[in-house]
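Please look at the model first.

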Amino acid sequence: MKQIIDVDNWKRKEHYGFFKDFQEPFFGITANVECSKAYAYARDNQLSFFLYYMYQSLKAVNAIEEFRHRIEGDEVVCYDRIHASTTALNADGMFAFAFLSFAGRFEDFYSYGQKEITKVKAISGMNMNEDNARRDVVHYSTIPWISFTSLTQERNFAIPDSIPKISFGKYFKEGSRMLLPVSVHVHHGLMDGFHVGQYFEMFQQFLDSNNM
């Protein structure tokens, strides 16, 4: 479900109008989140750490309205719920797309996610399907081989795009802490650095609390 935003009476009307016709309206921020407690929880409960932190990330995304905004034609809409379109390794050792439906209950998300990742690992090709074209998603990717400090995103400027892109790197130890690099790219017409900061803060809180 989605609702159309009345742009004429929207608090971001001026900001949206300023950025919407930029050739590159996206900006990106990269930072580390501490995942020590989350990693230990996943390990102790024999959970996929990837699916566990993906769920916590989606919880943060769905809690921040600006991350649910999309530009569709001449309209700005707000979706009720956002899911994950993510990359995963396929049978050829290359990436394929996987769709992870965000469920309110972690158990449901985890069960669905396990089946989807298992399916992708067994196929060849990119797994292109209708879910890849959905707009009620965040485009996720994971680069588990590199603890990156910055990241750029490929973009086709001929295709209008307003979907946030979040990438995770290789988690690493710094002293007694386990850190996870996270890169966030978003459309500046729909949100500012303040909202990306909210995402990082909320994501960190969810990782620390093990609240599902």
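Is the crossing of H3 and H5 left-handed or right-handed? The crossing of these two helices is right-handed; a crossing counts as right-handed if the near helix is turned clockwise from the far one by less than a right angle, and as left-handed if anticlockwise.

## Basis of the model

This is a predicted model, in which local features need pLDDT of at least 70 and side-chain atom pairs count only at pLDDT 80 or more, while totals for chains, interfaces and linings use all residues. Residues are numbered from 1 along each chain as its sequence is written, and side-chain values use heavy atoms, with hydrogens and water left out.

Helices (H or I, at least four residues) and strands (E, at least two) are DSSP runs, numbered from the N terminus.

## H3 against H5

Helix H3 covers residues 49-63 and helix H5 residues 193-209; their axes come within 9 Å and cross at roughly 135°. That makes H3 oblique to H5. Axes are lines fitted to C-alpha atoms, for helices over the stretch in contact, and angles run from 0 to 180 degrees between N-to-C directions. Angles under 35 degrees count as roughly parallel, over 145 as roughly antiparallel, 65 to 115 as roughly perpendicular and the rest as oblique.

In H3, Tyr53, Gln56, Ser57, Lys59, Ala60, Val61 and Ala63 meet Tyr199, Met202, Phe203, Phe206 and Leu207 of H5, where contact means heavy atoms within 4.5 Å. The residues of this contact divide into 9 nonpolar, 2 polar and 1 charged. Ala, Val, Leu, Ile, Met, Phe, Trp, Tyr, Cys and Pro count as nonpolar, Asp, Glu, Lys and Arg as charged, and the others, Gly among them, as polar.

## H3 against H4

H3 also packs with helix H4 (residues 106-121), at an angle of about 125° and with the axes 10 Å apart. H3 and H4 are therefore oblique to each other, and their crossing is right-handed.

Phe50, Leu51, Tyr52, Met54, Tyr55 and Leu58 of H3 meet Phe106, Phe109, Tyr110, Gly113, Gln114 and Ile117 of H4. This contact has 10 nonpolar, 2 polar and no charged residues.

The buried residues of H5 include His195, Val196, Phe200 and Gln204; buried means under 20% relative accessible area, exposed over 50% and partly exposed in between (1.4 Å probe, protein chains only). Among the elements that cover the buried residues of H5 are strand E2 (26-34), helix H2 (36-44) and H3.

Serine 209 lies in H5 and is partly exposed, with a relative accessible area of 41%. Just after H5, asparagine 210 takes a positive phi of about 55°.
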